[in-house]
Each structure stands twice: as C-alpha cells, then as structure tokens.
Amino acid sequence: MKTSLSIRGVLAASVLLIAQAAHAHAFPKVQQPAAGATLASAPHVVSIEFNDALEPAFSSITVTDGTGKSVVDGKSAVDDGNHKRMKATLTDLAPGTYKVGWVAVANDGHRTHGHYAFTVK
C-alpha cells in the first residue's frame with residue numbers, strides 16, 4: 001500500500017513539473033501574415049502574438065527574402081503595451097517567398113525559436 005502511494009506521489013509531482021515547464025515557454029498563438037499564407041499585396045509589418053510575455057532585450061523577429069537578404073526596416077521590437085506581441089516593420093516587398101524567423105525569450109528566461117514562410121504574389 002505504501003509503495004502505491006509513493007508511486008502516485010511521484011507521478012503527481014512529475015505531471016505538475018511537466019505542466020509548469022510547458023507553461024514557461026513562449027510559443028506563437030497568432031502570426032500575421034500567417035504561416036504558409038499567399039498574399040495578394042505585400043504586408044508592411046510582421047507581427048507574432050505569443051502565449052506568454054516576452055523579455056524585449058532577448059526576443060526578435062527576422063524576415064528575409066529568397067536570397068537571404070533582410071527585409072526588416074530597422075529592428076524588431078516587443079510591443080510596449082503588450083509584452084506578448086512582437087513586430088517587425090518591413091521594407092517594400094516584391095513578389096516572392098519570405099522567411100520569418102523568431103526568437104522568443106519568456107520573462108522567466110526560457111528561450112524558444114522557430115520559422116515559417118509566406119508568399120507575396
């Protein structure tokens with residue numbers, strides 16, 4: 001009986017730790033333009049909203065064209081009014097495929113990253 005209670009306690013603690021670890025990472029909720037989107041007109045901004053607040057000093061968005069050249073006008077930034085949103089202003093985009101890369105560091109220091117593409121007709 002004691003062994004059964006001990007195993008249940010360990011399992012419960014493990015589930016709690018896994019749940020906390022999963023919550024501590026910032027992952028995209030909404031991407032504009034969306035991953036895989038084909039757009040009739042070029043966007044002026046790429047924005048990503050995350051499920052957790054970001055550390056502005058360590059979070060960033062890059063956007064590159066088909067040759068790998070940056071098309072970000074200035075630097076990306078975490079929104080001052082909403083630390084879950086990060087934006088990058090873009091130069092005038094020609095038709096083509098663009099790759100968005102992001103690095104998100106949550107306020108607790110956990111780092112995530114990813115990338116996706118969109119196309120301008």
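Where is the place of Pro33? In this predicted model, local features need pLDDT of at least 70 and side-chain atom pairs count only at pLDDT 80 or more, while totals for chains, interfaces and linings use all residues. Residues are numbered from 1 along each chain as its sequence is written, and side-chain values use heavy atoms, with hydrogens and water left out.

Pro33 is found in the loop between strand E1 (28-32) and strand E2 (38-39); strands are DSSP runs of at least two residues, numbered from the N terminus. The peptide bond leading from Gln32 to Pro33 is cis, with omega near -5 degrees. Most peptide bonds, in general, are trans.

The mean pLDDT (the predictor's confidence in each residue, from 0 to 100) of the protein chain is 87, and 80% of its residues reach 70 or more. Over residues 9-22, however, the pLDDT is below 50, and this stretch has 1 contact (heavy atoms within 4.5 Å) beyond near neighbours in sequence.

Phe118 lies in strand E8 and counts as buried (under 20% relative accessible area, 1.4 Å probe, protein chains only) because its relative accessibility is 1%. Beyond its neighbours within four places in sequence, Phe118 is in contact with residues including Pro33, Val46, Val63 and Val100. The C-alpha atoms of Phe118 and Val100 are separated by 8.0 Å, the two residues being 18 residues apart along the chain.

Note on methods: Helix = DSSP H or I, 4+ residues; strand = E, 2+ residues; numbered from the N terminus. Buried < 20%, exposed > 50% of the residue type's maximum accessible area, 1.4 Å probe, protein only.
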